Amino acid sequence: MKSELVFVALPISAIVAPSAFAVQYLSVDQAQRAIFPGKSFTAAPVKLTAAQRKAIEQASGVRVLKDEQPVWRVGTGAWFIVDEVVGKHEFITYAVGLNSDGSVKQIEIMDYRETYGGQIRDQKWRDQFVGRTSKSNLKLDSDIKNIGGATLSCRHITDGVKRLLAFYEIALKH
Amino acid sequence: MRSRSNIEIRRCRPLLGTLVDIACQGVPDDIDRAFAAIENVHRLMSFHDRQSDVSRMNRDAFHRSVRIHPWTWRVLKTAQEFSRRSNGVFDITVARELVKWNYLPKAHNRFSACGNWRDIILEDDCTIRFRRPVIVDFGGIAKGFAVDHAVEALKHAGVTAGIVNAGGDLRTFGRVAHVVHVRHPSEPTRVAGAVRLRERAIATSGVYFERRKRRTRYVSPLLDGRTRQSVRELISVSVAAAECIVADALTKIVFAVREKAAALLAHYHADALLVERDGAPSWMFRSPCDTRDQTRFD
């Protein structure tokens with residue numbers, strides 16, 4: 001096996017500029033097909049009441065930041081949910097497939113954006129990613145395809161899924 | 001080999017406590033198989049899951065022999081090999097300190113304040129016991145092992161090129177070289193450099209995201225097994241090797257002993273890059289074997 005290791009010097013600009021590492025993995029449509037291949041989907045978005053929000057927060061121990069949750073009903077009683085989480089450095093959109101008994105079938109990351117903490121909490125910056133099916137017009141460093149040393153925890157997603165399971169119990173399961 | 005489309009697909013799932021990103025020239029079924037291999041490793045070697053081999057060992061191995069899965073056995077054997085070769089700098093029983101510093105959840109069993117890797121006894125095939133009540137955590141080497149197995153699964157499915165990245169433990173395969181960026185040690189959302197890799201694994205360890213203040217001093221989950229002191233400098237270590245499990249274990253050793261790891265790196269035909277807090281590379285080790293001419297470093 002031939003191996004090769006080359007250390008590449010980057011131009012100064014690359015070092016000074018923030019590394020806006022970003023990957024779009026799946027659109028909503030693609031995520032649906034990845035988790036439930038060959039199934040049909042019916043959009044069934046949920047708008048939470050204040051009481052429901054509180055109940056979800058109490059059951060999961062995780063804050064609910066938005067009233068509206070994009071949800072699809074899948075074939076025979078399963079669910080497909082799109083959700084977002086914000087970490088210190090990252091903004092992640094992901095999809096969760098729930099079986100008809102409410103158990104998690106599969107989780108797929110749809111969109112991963114990473115940048116400075118201050119910027120990521122800025123609503124204007126985040127708004128640029130609304131409507132993820134269309135390509136973002138934000139200038140991102142397209143050269144960065146893989147990043148090493150990224151021992152980013154997936155704690156925010158774990159919390160997000162916890163919140164969605166409570167959401168299922170309170171707002172979907174009837 | 002069956003014919004396949006040349007479309008690159010890329011998927012990412014939360015596993016092994018991090019985000020696992022797989023890209024390859026293949027079909028979704030191939031990637032599903034690779035994720036399934038990683039899920040198996042996750043199930044067997046998670047410190048948090050009470051049913052995992054690691055949890056069963058931590059609970060029972062001091063009281064009786066514990067039978068473990070052949071994969072867990074292999075990771076344990078590799079860990080012991082690195083402990084022996086590094087004279088205990090690498091030591092999976094540092095889980096004790098990681099629990100104490102809240103990097104790992106409190107175990108339900110009691111464990112002693114002493115003991116080290118020498119207290120792990122590999123008995124007959126796939127059976128182990130502890131001579132003292134130590135606890136173990138595979139940490140990064142389980143991630144490295146999972147990456148290696150995911151690559152195996154992809155190759156086995158007939159995929160000719162791809163990359164598997166489990167939170168900084170990554171491996172590339174195929175004819176084309178991949179460029180991997182390395183984070184800046186003191187500003188993790190910036191990059192300090194890039195490495196070009198072909199048919200090679202690389203693991204990067206940095207203190208950046210994980211440094212914490214404990215009483216008056218900082219601690220990090222990277223520690224020297226001999227002294228049980230954590231490495232607190234803001235540096236980042238990248239090690240390239242043929243296998244990801246080897247690359248990961250070596251980063252921990254280079255972190256603790258820096259240049260003194262040269263002989264060990266040479267033994268594993270590995271390359272290493274150490275980046276200091278200002279983002280400048282301070283030490284680089286090149287494998288004396290076959291990769292010398294291909295390294296360019298300014």
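This is a predicted model: local features need pLDDT of at least 70, side-chain atom pairs count only at pLDDT 80 or more; totals for chains, interfaces and linings use all residues.
View 1. An α-helix has 3.6 residues a turn, so residues three or four places apart point the same way.

**View 2. The open sheet of chain A.** Six strands, in the order β2-β9-β8-β7-β6-β3, form this sheet with antiparallel pairing. Strands β2 (22-24) and β3 (41-43) of chain A stand at the edges; each has a single partner strand, so one side of each is left without a neighbour in the sheet. From one strand to the next, the twist averages 25°. Within the sheet, β7(A) and β8(A) run antiparallel and are joined by eight bridges. Glu84(A) stands opposite Thr93(A) in β8(A).

**View 3. Helices on the sheet of chain A.** Helix α2 (residues 28-35) of chain A lies across β3, β6 (71-74), β7, β8 and β9 of chain A. The helix runs at about 150° to β9(A). Helix α6(A) packs on the sheet as well, touching β6, β7, β8 and β9 of chain A. The direction of α6(A) makes about 135° with that of β7(A).

**View 4. The open sheet of chain B.** Eight strands with antiparallel pairing follow the order β1-β2-β6-β7-β10-β13-β14-β15. At the edges stand β1 (8-15) and β15 (281-285) of chain B, each with a single partner strand, so one side of each is left without a neighbour in the sheet. On average, neighbouring strands are turned by 10° against each other, direction ignored. Strands β13 (residues 236-241) and β14 (residues 271-275) of chain B pair over five bridges in the antiparallel sense, and Ser238(B) stands opposite Leu273(B) in β14(B). Helix α5 (residues 140-156) of chain B packs on the sheet and touches β2 (18-25), β6 (162-166), β7 (169-173) and β10 (201-206) of chain B.

**View 5. The contact between two domains of chain B.** The domain assignment gives domain 1 (53-130) and domain 2 (177-290) of chain B. Domain 1 of chain B brings 16 residues to the contact, and domain 2 of chain B brings 15 residues. On the side of domain 1 that touches domain 2, α3 (70-85) and α4 (95-100) of chain B each give two or more residues. Helix α3(B) gives the most to this side, with four residues.

Notes: Residues are numbered from 1 along each chain as its sequence is written. Chains are lettered from A and ligands numbered from 1 in the order in which they are written. Domain bounds come from an automatic or database domain assignment. Two residues are in contact if their C-beta atoms, placed from the backbone, lie within 7 Å. Two strands pair if DSSP finds at least two bridges between them. Axes are lines fitted to C-alpha atoms, for helices over the stretch in contact, and angles run from 0 to 180 degrees between N-to-C directions.
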